[in-house]
Amino acid sequence: MDNIIVSFNVIAPVFFLMVLGYFLVNYTSLADGKQANAIVFKIFLPCMLFYNVYQSDIGSEIHSRIRLCMWAAGGLLILFVLLCLIVPRIVTQENQQGVVIQGIFRSNYVIFGVAVVQNMYGPKSTTTAAILSAILVPMYNFLAVVALSIFGEKRENDWKKIILDIIKNPLIISSVLGIIFSLLGIRLPTAVDTTVQDLAKLSTPIAFMILGGDLDFSKVKGNLKTAFVVLTIKLVILPLIMIPMVVMMGYRDADLLSGVLAYQTPVAVSSYIMAQQAGADGQLAGQLVVFSSVLSIFTLFVTIFILRTMGLLAV
């Protein structure tokens, strides 16, 4: 019973914040989804990623977690290559191929990864998730562009522009700055440190509210079979393959949960926008965002409950 309560307390706040955000954006005039989204991704989330890494001893943290970082990055690359080889042979509609590929490998880790670990273990235990964010976020963005460029109708051939856009990503810049400040021992003035810390604390609740506000249930019609297959692979099959690997590497508690979330978080909201811009099936992309965001609440609860029952996640 204790495991159920702890698992519920970790996931429930995420669900409640998403419901509140959906209500505020869709049924009141209190929030403008687009403007709020821009503020979250340009200010709040970068502050969170920067501060989580900045306040840690990044040198020793990376050294002790180098295998986990290599596993996460290497696993993502292998998964991407396999998807590019297999999906075009199975998915007959060309404008859906890139959407299916990014739907399986691309996760909303920057929000869910750090937040779920923080809910369970506290802010000081999110270093691993923040480090993985610094590695995975640029990879997600770059590989998504590659997939949609190859399998989308509007193919982007200006790779300099693609790389420049990725480098200019606020989430990537903040993560890199956090690593540099931590490694060099650079300390922010007290007033600036407090301000960044306060913004970092706001990032998680606001980000989940905006995510809830972004959910558009009008996009759930059609393509249900394809969406079901994609999300079964993403939220069930991949975790069943990846979790035993992290456990066998000896990681437990916050490190284990950080690794698990790299492969069991919902599809990133921005994947829907990117799919539209690439001339891919935007409706399917929207469905994957909606369904994965809702279903992941249940699948993450089950995963945390099972891992706690097995004694792999202690609080």
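All views come from a predicted model.

**View 1. Helices H5 and H11 cross at roughly 25°.** H5 spans residues 94–105, and H11 spans residues 224–248. Their axes come within 9 Å. The crossing angle is roughly 25°, and the cut-off is under 35 degrees. H5 and H11 are therefore roughly parallel to each other. Their crossing is right-handed. On the H5 side, the meeting residues are Gln96, Val100, Gly103, Ile104 and Phe105. On the H11 side, they are Thr226, Val230, Ile233, Lys234 and Leu238.

**View 2. Ile101 is a buried residue of helix H5.** Its relative accessible area is 0%, so Ile101 is buried. Leaving out residues up to four places away in sequence, Ile101 touches Phe80, Leu83, Cys84, Val87, Ala147 and Phe151. Now look along the chain to Ala130. Ile101 and Ala130 are 29 residues apart in sequence. In space, they are 25 Å apart, C-alpha to C-alpha.

**View 3. The largest nonpolar core holds 104 residues.** Three of its residues touch the most other members: Ile101, Phe105 and Leu257. Helix H7, residues 127–151, gives this core its largest share, 15 residues. Phe105 has contacts with Leu76, Leu79, Phe80, Leu83, Tyr140, Leu143, Ala144 and Lys234, again not counting residues up to four places away in sequence.

**View 4. Gln264 sits in a loop between two helices.** Helix H12 (253–261) comes on one side of this loop, and helix H13 (270–277) on the other. Gln264 has 2% relative accessibility, so this residue counts as buried. The Gln264 side chain makes a polar contact with the side chain of Thr303, at 2.9 Å. Beyond four places away in sequence, Gln264 touches Leu235, Pro239, Thr299, Leu300 and Thr303.

**View 5. Ser182 belongs to helix H9.** This helix covers residues 170–184. Is Ser182 buried or exposed? Its relative accessibility is 12%, so Ser182 counts as buried. The cut-off for buried is under 20%. Which residues does Ser182 touch, not counting those up to four places away in sequence? They are Val53, Tyr54, Ser56, Asp57, Ile58 and Arg187.

Technical notes: Residues numbered from 1 in each chain as written. Predicted model: local features only at pLDDT ≥ 70, side-chain atom pairs only at ≥ 80, totals over all residues. Heavy atoms only, no water. Helix = DSSP H or I, 4+ residues; strand = E, 2+ residues; numbered from the N terminus. Buried < 20%, exposed > 50% of the residue type's maximum accessible area, 1.4 Å probe, protein only. Polar contact = N/O pair within 3.5 Å; in protein donor to acceptor, adjacent residues only side chain to side chain. Contact = heavy atoms within 4.5 Å. Core = buried A, V, L, I, M, F, W, Y, C linked by side-chain atoms within 4.5 Å. Axes fitted to C-alpha atoms, helices over the stretch in contact; angles between N-to-C directions. Parallel < 35°, antiparallel > 145°, perpendicular 65-115°, else oblique. Left-handed = near helix turned anticlockwise from the far one by under 90°.
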